[in-house]
Amino acid sequence: MTITLAVPSKGRLEELTRDWFARRGLTITRPGGARSYLGAIEGLPEVTVRFFPASEIARELIRGNIDLGVTGRDLIHETSEAGPEAVEFARDLEFGHADVVIAVPEAWIDVTHMHDLADVASDFRSRHGRWLRIATKYITITRQHFAKAGIAEYRIVESLGATEAAPASGVADIVVDITSTGSTLAANGLRVLEDGVMLKSEANLIVSRTAEWTEQRRETLNTLLGQLQG
Ligand SMILES: Nc1ncnc2c1ncn2[C@@H]1O[C@H](COP(=O)(O)OP(=O)(O)OP(=O)(O)O)[C@@H](O)[C@H]1O
Ligand SMILES: O=P(O)(O)OC[C@H]1O[C@H](OP(=O)(O)OP(=O)(O)O)[C@H](O)[C@@H]1O
């Protein structure tokens with residue numbers, strides 16, 4: 001029985017995913033070229049490969065529309081609070097490492113930890129006449145983390161790109177974003193809080209728990225996972 005494997009269609013994860021499979025003897029082909037969204041694995045006709053953006057892979061795994069896929073752990077957590085329960089993280093692929101972090105302007109010298117930020121947030125409105133603004137595309141993760149930290153006095157400014165520029169341009173006060181080398185944050189005069197790592201992420205081979213797993217389809221999955229061992 002056929003199962004569907006979703007592979008990132010572009011960006012940093014695409015080539016690394018193909019390399020990872022190739023090192024385990026499995027060649028992912030894309031016969032229609034870079035604009036085609038359908039592929040295959042040589043020698044495994046029961047696996048259909050589909051190419052999607054990494055964020056769509058997360059969404060469709062959670063919904064059960066695809067059976068397994070490669071995407072970043074952060075995107076599963078961000079897509080829905082229930083995301084992590086809807087999937088099984090089957091293999092850490094050991095690339096795409098990055099942390100979702102809270103960063104503040106370097107000039108905020110007294111703000112080094114979340115409890116300092118809580119103080120800033122609670123005073124912000126009386127001092128500045130508005131709520132503390134957080135620029136991010138990680139809305140779900142931010143809400144969850146701030147709720148756990150007991151911080152409710154803030155506003156999210158949704159950012160779809162160049163998040164780190166938001167404080168300097170006056171669009172927001174602080175940011176929640178993904179970082180690996182830290183150079184983008186540093187270049188924009190931002191510093192990660194000492195307890196400001198909200199999530200550690202990496203590329204992962206992820207199995208949907210909500211897909212329809214008949215015995216035969218589970219067998220195909222196990223054959224594929226067996227080939228990817230080691
Ligand atoms: N600097 C980085 N270093 C390593 N991994 C990163 C970095 N930035 C993002 N990632 C990871 O890459 C994945 C996102 O890939 P990509 O940006 O291709 O996503 P996408 O949803 O396809 O993109 P787009 O937003 O352009 O549609 C996420 O899982 C994220 O954790
Ligand atoms: O900590 P760093 O190594 O500086 O990486 C962080 C940056 O990477 C991502 O952006 P993007 O997808 O544009 O990646 P790019 O910076 O690699 O182009 C992310 O949104 C950060 O802006």
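Guide: A residue counts as near a molecule or strand if its C-beta atom, placed from the backbone, lies within 6 Å of it. The model is predicted: local features need pLDDT of at least 70, side-chain atom pairs count only at pLDDT 80 or more, and totals for chains, interfaces and linings use all residues. Residues are numbered from 1 along each chain as its sequence is written, while chains are lettered from A and ligands numbered from 1 in the order in which they are written.

Start with ligand 2. Around it sit Glu 164, Asp 177, Ile 178, Thr 179, Ser 180, Thr 181, Gly 182, Ser 183 and Thr 184. Two elements, β10 (174–179) and α8 (183–187), supply at least two residues each to this shell. Helices (H or I, at least four residues) and strands (E, at least two) are DSSP runs, numbered from the N terminus. β10 gives the largest share, three residues. By class, the shell around ligand 2 holds one nonpolar, six polar and two charged residues. Here Ala, Val, Leu, Ile, Met, Phe, Trp, Tyr, Cys and Pro count as nonpolar; Asp, Glu, Lys and Arg count as charged; the others, Gly among them, are polar.

Now turn to ligand 1. Its shell has 14 residues, and the closest are Gly 11, Pro 53, Ser 55, Gly 72 and Ser 180. Two or more residues each come from α1 (11–23), α2 (54–63) and α3 (73–79). The largest share, three residues, is from α1. This shell divides into six nonpolar, six polar and two charged residues.

The C-alpha centres of the two domains are 31 Å apart. Seven residues from domain 1 and nine residues from domain 2 make the contact. Two residues are in contact if their C-beta atoms, placed from the backbone, lie within 7 Å. On the side of domain 1 that touches domain 2 there are no nonpolar, four polar and three charged residues.

An unreviewed UniProt entry annotates residues 54–229 as "domain: ATP phosphoribosyltransferase catalytic". UniProt positions are given in the numbering used here, feature names are shortened, and annotations may be inferred rather than shown by experiment. The span of residues 54–229 is 39% helix and 30% strand.

Definitions and conventions:
Domain bounds come from an automatic or database domain assignment.
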